[in-house]
Amino acid sequence: MTQASPEALRDREYPLTSLPNWRTFFSFSTDHKVIGIQYIVTAFFFFVVAGIFAMIMRGELITPEPDLVDRTVYNALFTMHGTIMLFGWTFPVLAGFANYLVPLMIGARDMAFPRLNAVAFWMVPVFGILFILSFLAPGGPAQSGWWSYPPVSVQNPSGVLLNGEFLWLVAVALSGVSSIMGAVNIVTTIVRMRCEGMGWFKTPAFVWTVMAAQIIQLFGLPALTAGAVMLLFDLSFGTTFFDPSQGGSPVLYQHFFWFYSHPAVYVMILPVFGIFSEVFPVYARKPLFGYKVVVISSMIIVALSAVVWVHHMFASGTPPWMRMLFMFSTMLISVPTGIKVFAWVATIWGGKLRLDTSMLFALGGLVNFVFAGITGIMLASVPVDIHVNNTYFVVGHFHYVIYGAIVFGIYSGVYHWFPKMTGKMYYEGLGKLHFWLTMLGTTLNFLPMHPVGLMGMPRRVASYDPEFAFWNVLASIGGFILGMSTIPFLLNMIGSWINGEQAPANPWRAIGLEWLVPSPPEHENFEELPVVVAEPYGYGKSEPLTENLGG
Amino acid sequence: MKPKTVISLGIMAIALAVLSYFVGQWSYSWLPPQASAESILVDKLFSTLVAIGTFILLGVTGVITFSILFHRAGRYDTSDGPPIEGNTTVEIVWTVIPFLTVIYLAYFSYQTYQAMNIQAPGHMHGAIDPVEKMADTSATTPMTNIEVEGKQWAWTFRYPEKNVTSTELHLPVDQRAHFVLRSPDVIHGFYIPAFRVKQDIIPFEDTDFEFTPIREGKYRLRDSMFSGTYFAAMQADVVVESQEEFQDWLNNAARQTPTPAPNQAASEYARRQQKDEQFGWKTVPPAPAPMVNFHS
Ligand code: HEM
Ligand SMILES: [Cu+2]
């Protein structure tokens, strides 16, 4: 492709010929872009599966009685809904974005360890299928919630060794291994492979946040995995680490679990902060306000995230001094987070806004995130938390984060980079319909969970007192709307990918290395590696980003 | 900034503050009746958090909405906005203000928690309670330990001095109540929304707990920590009554011979065993119905 024959030039202009065909996506490819899309598409499959579980749950909760499904089935559903949403959807979809975008954004040809990358990805369908297959296990899938707290999680009424909880623990451990492989790869890539001229303060915010998130994986996952393995031994091989009747401590498990699983929420939200930081400047046509503060605050969040886990255990066997200490550290995290929010608002302020679908999702996500942050502070305050923890208030809070901010952010990212990834434009009309349905569904589904939680409705219940019925009906209607909202999205993505208009290299007139290469990029990304000379986000300034690639 | 901008910003901020104050007051009505001394403390804190939260939420969304309405690019306008990259003063201000707010909220929460004085696992009396004296809740001497047992899936309450057991929790109004919480199987959560109190019960560990009911009536006690199949059915009534009514009830109950109490988990389980009509999986069988002097 280096000699300038007419054929080669035509290939350059219509890079579709070098686009991997659909079979590539089922193969053991080591191209980070193929792997990235593999991750994203697989994750969306699990999103739909876990979403169907959510629909059945909301169906059950539309009336106070436990009438739609048996209580054991309900318990299995919320356990698998939560687990698959986290391990099968959120982590993989974000790993997909990191995989696809990081090498392009830092001007590299691939990840540091392409084969490791492929292995890490192929573990996702494996453990994902394992989660789903556990419905066939004797006694059914795990039923003790995604926390899997002992002693409930080690009660094994089926009496069989290969029970649902066992499969669940194996799948979670596999997911941990896959994530560690991914994290090693991504961190190494970012630290070692940034192109010439890309100093730390010339690196895009998304890359920073991905690195921050992956550092958390590296220090947190070992704790989770240790806890899971010990629990597996308790469940199946007669050890008593967590068995209180034999002197073990169930609270110890909670420490193991939350030492990872609190920081894990930052593994999910940080890359979304990165997406916001990329999207707002493009559609407001202004530089990211306070870029340096924004990236530094990510690292401060990483540090603080390691010392807040006990806020999930305020009502547990936690002594008062610990309650107070962790209340303070938790509240402190709102400072670097608030800095980011203000920076985005200042970026938007006085810009030249274009409300394309990705911008709508980013704006909606930002507003939802602010709301979730406020209820988060309430939960950090020990006296308030004592009232509302383990109620629907918490469920409302974390769905505002997880759906309102993280899923919105992911949608924003999908629309923004869709032309780059597929070489096609999506249908803006369907995108807007998708946004409005999602916004309406999210509000109607998750807002009512707050009042009903304040009234005292516990979470994880298959039935409830009639006084809670009103808000639950609203939430269920919202849930069904939310379920439907994915239909225009899927239609749009599949339809545009097959049939959409050809996308130019840079449809949004965005600044960034990934927009300097054709859509979709060729196999090795860059013919000639870029040499960066400017800070990112130079909107309104007419300086070139690189000295050799134009743009 | 021009004086005109300063004035209009000031007016907006004041309007927002007033509105936030009213939302904070409104928030009391989102909560169950205030049936314990602790609930008054918690609600005040919650209301403050709601007011501050409203201010922030409306402030941020207001600015965003304003931008969306008035800073849109025209249809054919491809120009860029002003390339403003940062402003050190602004950045310092919006770091310091949240920081101070957080310190204030943490301190307020700390004080509230101390004043509630609900006890907790590993609580050492006098260890960290400089503000305990201001606790209006510790005015009365706590009544004797009421033993609370949560098991899969029933609550029982035992009054040791009369050797009374009950599936309904009876408490005299305006008297501080002291509990010992126990569980023989899994973690349960002792939670009475109207009292704003909650405490997990770690199995095989005695957990002390205290609060003061201040309003007569009937309230709901729920298990708040997922405890297995019939978790949702694990509820009980809490009756707060006058000192005399309470004593009558206690004496009356003491005269009854214990009988098995009705239990939702047990009856659902039995029905399920019989007709196996629903799609479901094996479950831990409910513990036998508790033998109590009193049940509702
Ligand atoms: C249509 C969208 C959704 C609906 C209607 C929905 C509904 C629910 C409901 C009813 C529960 C049970 C709450 C409880 O009793 O504790 C739940 C739990 C949960 N959801 Fe969702 N959800 C949705 C989307 C999501 C997404 C996108 C995620 C994550 C990415 C997520 C993560 C979780 C988690 C982690 C739990 C906790 C599970 C547990 O308690 O073990 N949900 N959801
Ligand atoms: Cu947390």
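Which of the 26 residues around ligand 1 come nearest? Select His81(A), Trp146(A), His399(A), Arg459(A) and Arg460(A): these come nearest. Here a residue counts as near a molecule or strand if one of its heavy atoms lies within 4 Å of it.

Before going on, note that this is a predicted model: local features need pLDDT of at least 70, side-chain atom pairs count only at pLDDT 80 or more, and totals for chains, interfaces and linings use all residues. Residues are numbered from 1 along each chain as its sequence is written, chains are lettered from A and ligands numbered from 1 in the order in which they are written, and side-chain values use heavy atoms, with hydrogens and water left out.

**Stop 1: ligand 1**

Start with His81(A), where a side-chain N or O atom is 2.8 Å from a nitrogen atom of ligand 1. Next select Tyr392(A), whose side chain has an N or O atom 3.3 Å from an oxygen atom of the ligand.

Colour chain A by element to see where the shell comes from: helices H2 (32-60), H3 (71-105), H13 (392-422) and H14 (428-446) each give two or more residues. Helices (H or I, at least four residues) and strands (E, at least two) are DSSP runs, numbered from the N terminus. The shell has 17 nonpolar, six polar and three charged residues. In this sorting, Ala, Val, Leu, Ile, Met, Phe, Trp, Tyr, Cys and Pro count as nonpolar, Asp, Glu, Lys and Arg as charged, and the others, Gly among them, as polar.

**Stop 2: the copper ion**

Select ligand 2, the copper ion, which is coordinated by ND1 of His262(A), NE2 of His311(A) and NE2 of His312(A), at 1.5 to 2.0 Å. Donors are N, O and S atoms within 2.8 Å of the metal (3.2 Å for Na, K and Ca); water is not among the atoms, so sites may look incomplete. Along the sequence the donor residues follow the spacing H-x48-H-H. His262(A) sits in helix H7 (residues 250-284), while His311(A) is in the loop between helix H8 (291-305) and helix H9 (320-332), 49 residues apart.

Are His262(A) and His311(A) buried or exposed? Both are buried, where buried means under 20% relative accessible area, exposed over 50%, and partly exposed in between (1.4 Å probe, protein chains only).

**Stop 3: a pocket and the cavities**

Rolling a probe the size of a water molecule over the atoms shows where empty space is left. On a 1 Å grid over the protein atoms alone, a cavity is a set of points where a 1.4 Å probe fits but cannot get out, and a pocket is an open set with protein on both sides within 12 Å along at least five of seven lines; lining residues have an atom within 4 Å of a point. Grid points are joined across faces, edges and corners, and a volume is the space filled by probe spheres set on the points.

For the second largest pocket, about 900 Å³, select Ile37(A), Ile40(A), Val41(A), Thr42(A) and Trp497(A), which lie nearest its centre among 29 lining residues. H2(A) gives the largest share of this lining, nine residues. The lining has 25 nonpolar, four polar and no charged residues.

The structure also holds ten cavities of 30 Å³ or more. The largest cavity has about 300 Å³ of space; the closest to its centre, of 23 lining residues, are Pro141(A), Gln143(A), Val152(A), Gln155(A) and Pro157(A). Its lining divides into seven nonpolar, 14 polar and two charged residues.

**Stop 4: backbone details**

Select Pro150(A) and Pro151(A), which are joined by a cis peptide bond with omega about 0°. Pro151(A) lies in the loop between H4 and H5 of chain A.

Move to Arg285(A), in the loop between H7 and H8 of chain A. This residue is not a glycine, yet its phi is positive, near 55°. Arg285(A) counts as buried because its relative accessibility is 4%.

Finish in chain B at Asn117(B), in the loop between helix H3 (88-116) and strand E1 (143-151). Asn117(B) has a positive phi of about 50°, although it is not a glycine.

Methods. A polar contact is a pair of N or O atoms within 3.5 Å; within protein, one must be able to donate a hydrogen and the other to accept it, and residues adjacent in sequence count only if both atoms are side-chain atoms.
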